[in-house]
Amino acid sequence: MGNRKVKNVLVTGGAGFIGSHTCVALAEAGYQPVVVDNFANSQSDVPDRIAQIIGTAIPVHQVDCTDETGMRNILDRYEDWHGVIHFAAYKAVGESVAHPLKYYRNNIGSLLTLLQLMNDYPLHHLVFSSSCTVYGEPDHLPVTEKSPVRPAESPYGYTKQVGEQIITDQQQVSPAMRSVLLRYFNPIGAHPSGKIGELPLGKPENLVPYVVQTAAGWRDQLTIFGRDYPTEDGTAIRDYIHVMDLAEAHVKALDWLHQQEAQETPGIFNIGTGRGHSVKEVVDTFEDATGIKVPHQFGSRRPGDVSSIYADATLAQRELNWSASRTLGEALHDAWMWQQTLKPPA
Ligand code: UFG
C-alpha cells in the first residue's frame, strides 16, 4: 500500500440512486469516489450513509454540473483523475413531457460542460448513464447493442439519445478520450445494508417504489398498467436489475476503458440481466420474498410504454467481464428492507 496513488473518480450525481450505490462499488474496488451533486433530487445525508457502509468519508462537492466555474474549481483541487461517471440528470419521463426545457437545459447542459472540461483537463475516461429507452419498442428480443435506436417517446428519452450522439461526436475529435455508454435496463433494489436506496419524491412513477410503498400502507393499491399486452399473463415485461449489479458494471466499464489503447467510437453496452419479468411476476415475487401482500387492480396501458423489453447482455459479459448475479427476489427483498427505514410522508 504505502504511497499507492489515489485513483480519483468524479461521480456526478453521486448522491442519487444509482450514483450512491456506484460510490460504494468504487470504494470497494479501491477507487476514491469524488461526489458532485446539487442535491436537487437527493438527500444531503446520503454521503454520510455511503461513509457508514464503506467505513470512511468521501469528498462531496455541492455544485451544479451545468456550472462550469464551479466544476473547474473541483477539477483543480485534485491531482489525478482516473475518470468520470456521469449520472447527474433528471429522469422522470412524465415530468420531461411537461417541462422539456428543464430537461434539455439540465441533461444536455451538464454533459456539454463536462465534455468541455474533459477537453481542458487531464480527465479522459467517461462512463455515461444511458437507457434501454433508446431502443423504443424493439422488433426482436432480447435487444442487442446492434438493435436500431428508435425515435424517443419523451424529452427525457431524447436527452439520452442526444447525449450518446454528442459523446460520439466529441470522441471523434479527441484522441485521448475513452468513453462508454451504458444502456441500463430497469434498476431496482437497494444496498443490502438498508442504508441507501431509492428516494422517490411524492407519488412514485416507477413500479418497484410503488410496490413497496403499497406494501408499507403508504398507498392504497397498485395499479398494474395494462393486462392486454401480447405476453403470457398480459402484463408488460421488463429486465429488472439489482442496483448493486448495475453499480458494479460501472466499475468494470471504467477498468475496461483503461485497457483501451485507442478508441474512435464509444463502447456501448447493455446492462441488464438478460431475463424479462412481467409486472404480475414482480408483484408475485415480491409477495413470495417478503410474505407481504400487495393490493392491486388492473388499469389501462400507460401511454408511451412498450410491451416487452429485455437485454442481451452477452457483450458486457465478454468485454467487461461483468454479469448480473443477484436475483429478482433479492432485489425486491432489499427494496423492501430499504422502504422500512423510510418515514411515511407527512
Ligand atoms: N407499472 C405499473 N404500475 C405502476 C408503475 C409501473 O404497472 O404504478 C408498470 C409499467 O407500466 C411498466 C413496468 O411497470 O410496464 C415498469 O415501469 P417503470 O416505470 O418502473 O419502468 P419503465 O420501464 O417505464 O422505465 C424505464 C426506465 C426509464 C425509461 C423508461 C422508458 O426506468 O428510465 O424505461 O420507457 F425512461
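Phe-39 sits in the loop that joins strand 2 (32-37) to helix 2 (46-54). Helices (H or I, at least four residues) and strands (E, at least two) are DSSP runs, numbered from the N terminus. The model is predicted: local features need pLDDT of at least 70, side-chain atom pairs count only at pLDDT 80 or more, and totals for chains, interfaces and linings use all residues. Residues are numbered from 1 along each chain as its sequence is written, and side-chain values use heavy atoms, with hydrogens and water left out.

**Ligand surroundings**

- The ligand has 18 residues around it, and Tyr-156, Thr-223, Arg-238, Arg-302 and Asp-305 come nearest. A residue is near a molecule or strand if one of its heavy atoms lies within 4 Å of it.
- By class, the shell holds 10 nonpolar, 4 polar and 4 charged residues. Here Ala, Val, Leu, Ile, Met, Phe, Trp, Tyr, Cys and Pro count as nonpolar, Asp, Glu, Lys and Arg as charged, and the others, Gly among them, as polar.
- Helix 7 (207-215) and strand 8 (222-225) each give the shell at least two residues. Strand 8 provides the largest share, with 4 residues.

- The side chain of Tyr-156 places an N or O atom 3.2 Å from an oxygen atom of the ligand.
- Phe-225 uses its backbone: an N or O atom there lies 2.8 Å from a ligand oxygen.
- Arg-302 has a polar side-chain atom 2.8 Å from an oxygen atom of the ligand.
- On its own, the ligand has 690 Å² of accessible area, and the protein covers 88% of it. Accessible areas come from the Shrake-Rupley method with a 1.4 Å probe; for residues, only the protein chains shown count as cover.

- Strand 5 (residues 125-131) is mostly covered, with 7 of its 7 residues buried. Buried means under 20% relative accessible area, exposed over 50%, and partly exposed in between (1.4 Å probe, protein chains only).
- Strand 5 is covered on both faces. His-125, Val-127, Ser-129 and Ser-131 are buried on one side, and Leu-126, Phe-128 and Ser-130 on the other.
- Strand 4 (residues 83-86) also has both faces covered. Gly-83 and Ile-85 are buried on one side, Val-84 and His-86 on the other.
- Strands 4 and 5 pair in the parallel sense over 3 bridges. Two strands pair if DSSP finds at least two bridges between them.
- His-86 stands opposite Phe-128 of strand 5.
- Strand 5 also pairs with strand 6 (residues 178-184), in the parallel sense over 7 bridges. There, Val-127 has Val-180 as its bridge partner.
- Strand 1 (residues 8-12) pairs with strand 4 in the parallel sense over 4 bridges. In this pair, Val-9 stands opposite Gly-83.
- Strand 5, helix 6 (residues 155-172) and strand 6 form a right-handed β-α-β unit. Right-handed means that, with the strands pointing away from the viewer, the path from the first strand over the helix to the second runs clockwise.

- Thr-113 belongs to helix 5 (residues 100-120). Thr-113 counts as buried because its relative accessible area is 8%.
- The side chain of Thr-113 reaches the backbone oxygen of Gly-109 at 2.9 Å.
- Gln-161 is part of helix 6. With 15% relative accessibility, Gln-161 is buried.
- Gln-161 and Ala-262 are 101 residues apart along the chain, and 24 Å separates their C-alpha atoms.

**Backbone features in loops**

- The peptide bond from Leu-141 to Pro-142 is cis, with omega near -5°. Pro-142 lies in the loop between strand 5 and helix 6.
- Phe-39 is not a glycine, yet has a positive phi of about 55°. Its relative accessibility is 17%, so Phe-39 counts as buried.
- Asn-321 is not a glycine either, and has a positive phi of about 60°. Asn-321 is in the loop between helix 10 (314-320) and helix 11 (328-339).
- Asn-321 counts as exposed because its relative accessible area is 57%.

Technical notes
Polar contact = N/O pair within 3.5 Å; in protein donor to acceptor, adjacent residues only side chain to side chain.
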